[in-house]
Amino acid sequence: MTAADRRKLILNAAGELFIARGYSGVTMEDVLAKVGGSKATLYRHFADKAELFQAAVEALCDEWSKPVHTFTAPPDVDLTTTLTALGGHFAALVLTPQAIALHRLVTAEAERMPEVGRAFFEHGPSAGQRVLAKYLQQARDAGEIDVSDPVRAAAQLFQAMLGDAQMRLLTNSPYKPDDDEVQESIAVAVRVFLYGATASRGDAL
């Protein structure tokens, strides 16, 4: 096994343990018991549990977000279809039980470990916003939309699409969003973003 393969194995095991038990419920010995090998090898890759936790958070975000980063809109579809499809990819990423558990975990530890909070944001929400912003930038360059800051617009559109559903899951609300509700939220958010909400703009939203 190469050093890179070993590191990936450790990160996968640590990510599973942290999500299942929380930060305080996992020790380096727990990780070692799960992956095997020597303590010296484990500490050669990660100096302590805090470093391992941050790396595991980054690895989980990077792995789960691959479908978003590899998303490519077909050349013959309109902007509404593209943004709605991308919203579906975001939903499949951020609304899963594992993603919600990781979000809760990072939020719980971010005050004490701000570097983990920053890592989560950069590898998760910020990275996703940049993907969405790329399509908004292309639409702006083509004269389809008028936004001064595509990245900020992407963050606002994401919240409009999935913010309510994500918050309900994060807070364990008894009113969980189902798939139809999530898709409708995405579709309405895209339509309002592109066409506004005034009655004079056309069909009711």
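**Helices and their packing**

Guide: The protein has eleven helices and zero strands, where helices (H or I, at least four residues) and strands (E, at least two) are DSSP runs numbered from the N terminus. This is a predicted model, in which local features need pLDDT of at least 70, side-chain atom pairs count only at pLDDT 80 or more, and totals for chains, interfaces and linings use all residues. Residues are numbered from 1 along each chain as its sequence is written, and side-chain values use heavy atoms, with hydrogens and water left out.

Visitor: What makes the contact of α10 with α11, and which classes do its residues divide into?
Guide: Contact means heavy atoms within 4.5 Å. Among the residues making it are Leu157 and Arg168 of α10, and Glu181, Ser185 and Phe193 of α11. The contact residues divide into eleven nonpolar, one polar and two charged. Here Ala, Val, Leu, Ile, Met, Phe, Trp, Tyr, Cys and Pro count as nonpolar, Asp, Glu, Lys and Arg as charged, and the others, Gly among them, as polar.

Visitor: What is the phi of Asn172?
Guide: Asn172 sits in the loop between α10 (150–170) and α11 (179–195). Its phi is positive, about 55°, although Asn172 is not a glycine. Most residues other than glycine have a negative phi.
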